[in-house]
Amino acid sequence: MPRFAANLTMMFTELPFLDRFGAAAAAGFDAVEYLFPYDFPAEILAERLQAHGLTQALFNLPPGDWAAGDRGLAALPDRAAEFRASIATALAYAEATGAGRVHVMSGLADRNDAGAVRAYREALARLSDAAGGQGREVMIEPINPRDMPGYFLDDFDFAADLIAALDLPNLKLQFDIYHRQILHGDVLTGLRQMMPLIGHVQVASVPERHEPGTGELDDIRVLRELDALGYGGFVGCEYRPATGTVAGLGWLRAFG
Ligand SMILES: O=C(O)C(=O)[C@H](O)CO
Ligand SMILES: [Mg+2]
């Protein structure tokens with residue numbers, strides 16, 4: 001059975017961020033993820049996790065200036081110094097919260113630009129080396145262009161080929177079922193082929209990004225396939241509840 005992690009950026013938004021930890025635990029989750037921890041001191045987050053018996057599954061590296069439109073730095077050659085500094089920031093938070101993996105966003109760039117590809121490869125190698133020294137994994141996640149126009153990493157095969165080519169022991173694929181369905185479809189085949197590369201899974205219905213099982217795909221069937229494939233990692237519930245977070249958790253009953 002996969003371990004489900006509540007995504008506190010999208011779920012429990014009825015509550016202030018720091019109150020979402022307790023709400024997730026009360027709803028039965030034993031793990032959480034969220035986009036960014038950096039608005040809060042790492043010790044405060046660690047205290048929330050500990051108080052509620054929660055595991056920090058994942059969070060993202062600093063993405064640059066999100067409000068100004070940045071969506072990560074890794075594939076941006078002229079932001080390399082900022083990217084290098086962001087590694088130390090993220091890994092300090094990972095250490096404090098015990099997160100076993102971090103997700104690095106590529107940024108907005110052209111995947112056919114050799115300079116961007118070179119910067120991305122170098123960034124992943126540097127980050128993986130630093131994270132590996134702490135026993136942590138690094139995730140890269142293809143994101144669909146409707147949600148994030150211009151995002152560099154917008155193809156699962158490109159991501160899988162890159163992971164294979166770089167051959168770094170702790171660099172893994174973040175397989176977001178929602179993005180996979182929008183980008184390519186063929187979700188079960190993608191999971192079967194890429195399972196050896198997958199370090200984290202996320203789920204939401206397509207197209208509304210609501211609760212699993214409410215969209216065009218049989219998400220419950222897809223999640224069951226993870227079991228059949230022997231996936232032992234987390235599944236992040238990265239969806240926007242259609243009404244209330246707790247009221248919408250009925251789909252989880254399919255997994256006991
Ligand atoms: O958008 C997603 O699916 C993610 O997982 C990223 O972390 C944030 O954009
Ligand atoms: Mg995702």
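This briefing describes a predicted model of a protein with a ligand. The protein averages a pLDDT of 98, and 100% of the residues score at least 70. The model scores ipTM 0.97 and pTM 0.98. According to an unreviewed UniProt entry, residues 22–254 carry the annotation "domain: Xylose isomerase-like TIM barrel".

**Annotated span**

- The span of residues 22–254 is 38% helix and 14% strand.

**Nonpolar core**

- The largest nonpolar core holds 71 residues.
- Within this core, Ala5, Ala6, Val32, Ala74, Val102 and Val203 touch the most other members.
- Helix 4, which runs over residues 114–132, supplies the largest share of this core, with seven residues.
- Val102 touches Leu58, Phe59, Asn60, Leu61, Ala90, Ala94, Ala131, Arg136, Val138 and Met139, when residues up to four places away in sequence are not counted.

**Surroundings of ligand 1**

- The residues that surround ligand 1 are Leu35, Asn60, His103, Glu141, Ile143, Asp176, His179, Gln202 and Glu238.
- This shell divides into two nonpolar, four polar and three charged residues.
- Asn60 belongs to the shell around ligand 1, and Asn60 is also among the residues that Val102 touches.

**Loop between strand 7 and helix 8**

- This loop lies between strand 7 (198–203) and helix 8 (219–228), and His210 is located in it.
- Pro207 is found in the loop between strand 7 and helix 8, and the peptide bond from Val206 to Pro207 is cis, with omega near 5 degrees.
- Arg209 also has its place in the loop between strand 7 and helix 8.
- Phi of Arg209 is near 60 degrees, which is a positive value in a residue other than glycine.
- Arg209 counts as partly exposed because it has 17 C-beta neighbours inside 10 Å, a count that falls between the limit of 12 or fewer for exposed and 20 or more for buried.
- His210 is partly exposed because 18 other C-beta atoms lie within 10 Å.
- Leaving out residues up to four places away in sequence, His210 touches Ala204, Ser205, Gly215, Tyr239, Arg240, Pro241 and Ala242.
- His210 and Asn112 are 98 residues apart in sequence, and their C-alpha atoms are 33 Å apart in space.

**Loop between helix 8 and strand 8**

- Gly230 is found in the loop between helix 8 and strand 8, where strand 8 covers residues 234–237.
- Gly230 counts as exposed because it has 7 C-beta neighbours inside 10 Å, and the limit for exposed is 12 or fewer.
- Gly230 and Asp218 are twelve residues apart in sequence and 19 Å apart in space, C-alpha to C-alpha.

**Loop between strand 1 and helix 1**

- Phe12 has its place in the loop between strand 1 (3–7) and helix 1 (20–26).
- Phi of Phe12 is near 55 degrees, a positive value in a residue other than glycine.
- Phe12 is buried because 25 other C-beta atoms lie within 10 Å, and the limit for buried is 20 or more.

- Ala25 is found in helix 1.
- Apart from neighbours within four places in sequence, Ala25 is in contact with His52, Gly53 and Leu54.
- Ala25 and Ser205 are 180 residues apart along the chain, and 23 Å separates their C-alpha atoms.
- Tyr93 is found in helix 3, which spans residues 80–97.
- Tyr93 is buried because 23 other C-beta atoms lie within 10 Å.
- Apart from neighbours within four places in sequence, Tyr93 is in contact with Pro37, Ala42 and Phe59.
- Tyr93 and Ala42 are 51 residues apart in sequence, and their C-alpha atoms are 5.5 Å apart in space.
- Phe59 is in contact with Tyr93, and Phe59 is also one of the residues that Val102 touches.

Notes. Residues numbered from 1 in each chain as written. Chains lettered and ligands numbered in written order. Predicted model: local features only at pLDDT ≥ 70, side-chain atom pairs only at ≥ 80, totals over all residues. Core = buried A, V, L, I, M, F, W, Y, C linked by C-beta atoms within 7 Å. Helix = DSSP H or I, 4+ residues; strand = E, 2+ residues; numbered from the N terminus. Contact = placed C-beta atoms within 7 Å. Near = placed C-beta within 6 Å. Nonpolar A, V, L, I, M, F, W, Y, C, P; charged D, E, K, R; others polar. UniProt positions renumbered as here; feature names shortened; annotations may be inferred. pLDDT = per-residue confidence, 0-100.
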